[in-house]
Amino acid sequence: MVFQIKQLRWLYISLSILSLCLAITITPTRASLSVPTTSTLNVSASTSQPTNWLEQGRNLYHSGRFAEAVTIWQTAAQQYHTQGDRLNEALSLSYLSLAQQELNQWQAAQQSIEQSLKLLQTGKPSADAILWAQALNTQANLQLHTGKAETALESWQKAQKFYEQAGDTMGSLGSQINQAQALQTLGFYRRSKQQLEALTQKLQGMPDNEIKVSGLRSLGLALQIIGDSGKSQQILEQSLAIAQKIAAKPHLSSILISLGQTAVDLEDPESALNYFEQAQLLTTNPSDRLQARLAQFKLFLNYDKLEFVNPLAPQLLQQLRELPPSHTSLYAAINFVATLNHQSNPGQILPLKDLAQLMAVTVKSAQQIQDTQAEAHALNQWGKLYQRTQQLSEAQELTQKSLNIARQLQANDIIAQSAWQVGQLYKQQGDRSKAITAYTEAVNALKALRGDLVAINPDVQFSFRTSVEPVYRELVDLLLENQPSQAELIQARELIESLQIAELDNFFREACLDKTQQIDRVDPTATVIYPIILPDRLTVILSKAGQPLRSYVTHKPQAEIEQTLDNFLVALNPVSDSKNRDRLSQQIYGWLIRPEEADKAFIDTKTLVFVLDGRLRNIPIAGLFDGKQYLIEKYAVALSPGLQLMATRSLHQNQMNAIVGGISQSRAGFSALPAVESEVKQISKSVSSSVLLNQKFTSQALAEQVKSSSAGIVHLATHGQFSSRLEDTFLLTWDGQVNVKELSELLKNRGSDPSKAIELLVLSACDTAAGDDRAVLGLAGLAVKSGARSTIATLWPVKDRAAAMLMTRFYEQLRQPKITKAEALRQAQISLIRQTDFHEPFFWSGFVLIGNWI
């Protein structure tokens, strides 16, 4: 689920380009390019009132007064229609659609842009090129908002041609940057990156002017969204240098604020603060100054710098009180209060009654300028303040109002937050039934957002950890209280699976997976285990085909459970005390497995499939010890994101051919992996293989092999890192790093035919980011996104000789008739335990199978 501000800046990019077009296309020089005979397009202040409507509307739009802009442009369109002025009517309707999009009036926006295009079709496209470009740009933005990325791409491509025809360089560049966004949305990451790189080259060759400054800034923001913060920073710095060189003062503050946000993403608070301070000093625009100060304020809060927060907070409060009502000022106030509401004790910074008064004024202002979304957000934050002071009936009334408005708007982002708050209030008042109903509405709204992420208002900041995950977990906690019914167990299980998928969506910054098959019906010899960490207990739900769900509870505080898991991970190091390791391992075994074994729940079970939660994802489940045996010695083990599993199919002998790639030599600062060469040779003996080793292992060569080959297995033995940060999840090729999005696209490069999907992806010698409790998200993310039915990887870097030995034995086992992938991995791990020097769990238990185990 994508709620963080940096993940929503694409909306800013597309709208900033649209706004730029709004500002620059209809001027005397621009207009004469396209419509030399129509004088009313050359808007000026001296003309009569009807011709001034377009200008008035633009001014209102840029000041965030969208409802007023809608009224002005509707009037303009009617007047131009009466006058028979086709072109200005078309232009008014195009602008009108933009403002309606800002107000989430999607149907009205659609009608306006369709009318605009219909009018343009009655003229000569070559004569009206700039107007065609503007209208198509508006239409494409609407199409992207409403989930039609493919059509949006086509519209932006057409818009680009018209901009070029009209000689509008900035419009052309803007359309191309937006095309890269549409490509991203469609999953074509490499094509998107190539397009952005080509644009970089184009911009470098341009003379230094304001168009180049704007183009580089938009490009920098675009690169930031695809996860390339380093490259984004370089491009934005270049934009800043040119703006300073040509004295383009109006651009400086917005570039500096963008650079500050990039520095925040790169976890460089000192640079971020420096950029925000510069932006504040250099700007003459009150809105930019406020944005810079708010960004500083949030930064200080995030790093607990209360000595800077305390003097700045009252100044910001006063500034926000004095602003005239506009879209920008409303959201600045909402953001300010939302930032404080995320703190454990905002009353230490400002009196809560002052914050409540600010929200009361914001609600009135929102009603005044007809910004109902802002009104709903402000009511939500106002309700939170009352909730803090235990004025529960007032909090309930305000939050319910917010929820009612959100329902009318069908604004799922606000429904999610307000319904959650209503649920918390019912829970506080001891009404479990109403609390569950409200929480369920919140979760349903969050699920609905998956396919419509760009509709989330970019001015209101959400974060997955604080605004999404707790909604799921608090509802699961409610459902599993006391003795849960079958219906409650089923709902809790589905919620945990949905949470896992929401985390992957958040990781990839897009909806990335759809439900395909229920896993407990896939294999009657498998039992699915859902361990769920709750604040005061660990609940394990057991699912087996044809049987009711069972649940087992261990009452322990979450902090104690997580500390034990962390201690166990440390103890896995071979130099640690083995007695301590075995003690911790048995303790975790007692939480997850022993009660079920005592209950004879695993009779007829060959494979245990774990849907792991939170810190448990980092634990090598196969290496849990019962005092005599490791778990892997009793059962095959697999991991799964839950119900979302690709259609089942076992690996047939005719699919036993592989693409094997790897790097054995030292490369790009990474150490050599000498055993990779022998690993590659041994695998080639076991299965028919196309080999890409060292210099031959480039991203392009791998892409071509995957596309042209029908190999069922892709085995990559190279350095890589998995992290909870998309930017830090990559695989090393000879020519550089391939990020996880590009790699997933590359591996899916066989068209849409599911029969051509990769059956097994093996990642050997990769690493998960140390100290990152969500690093396995990167691993699970790639496993899911690549389209491979099964993925084998390691939770930590294993001695490359042990990895080579285990992989060789795995492939030997895989050749046996009627063996599952999980069983082949199990036999390989058992052989290391019983037949080699690598019998310590450290050497073999980190290998995990994710996805289809059959």
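Mentor: Buried means under 20% relative accessible area. This is a predicted model, and in it Trp 73 and Tyr 95 are both buried.

Trainee: Why is the pair of Trp 73 and Tyr 95 called tilted?

Mentor: Ring centres must lie within 6.5 Å to pair, and planes under 30 degrees apart count as stacked, over 60 as edge-to-face and the rest as tilted. The centres of Trp 73 and Tyr 95 are 5.0 Å apart and their planes stand at 50°, so this pair is tilted.

Trainee: What makes this pair a tie between parts of the chain?

Mentor: Trp 73 belongs to helix α4 (residues 66–83) and Tyr 95 to helix α5 (residues 86–102), so the pair ties together parts 22 residues apart in sequence. Ring pairs also link Trp 73 and Tyr 95 with Tyr 61 and Phe 66 into a cluster.

Trainee: What makes Phe 625 and Tyr 630 a tilted pair?

Mentor: Their centres are 5.0 Å apart, and the cut-off for a pair is 6.5 Å. The structure holds 15 aromatic pairs.

Trainee: How do you know that Arg 667 lies over the face of Trp 734?

Mentor: Arg 667 is at 4.0 Å from the ring centre, and the distance limit for a charge over a ring is 6 Å.

Trainee: Which residues touch the most other members of the largest nonpolar core?

Mentor: Phe 336 and Phe 610 do, in a core of 185 residues. Helix α22 (residues 432–449) gives the largest share, nine residues. A second, separate core has 39 residues, including Trp 53 and Phe 66.

Notes: Residues numbered from 1 in each chain as written. Predicted model: local features only at pLDDT ≥ 70, side-chain atom pairs only at ≥ 80, totals over all residues. Heavy atoms only, no water. Core = buried A, V, L, I, M, F, W, Y, C linked by side-chain atoms within 4.5 Å. Buried < 20%, exposed > 50% of the residue type's maximum accessible area, 1.4 Å probe, protein only. Helix = DSSP H or I, 4+ residues; strand = E, 2+ residues; numbered from the N terminus. Phe/Tyr/Trp six-rings, centres within 6.5 Å; stacked < 30°, edge-to-face > 60°. Lys NZ or Arg CZ within 6 Å of the ring centre and 35° of its normal.
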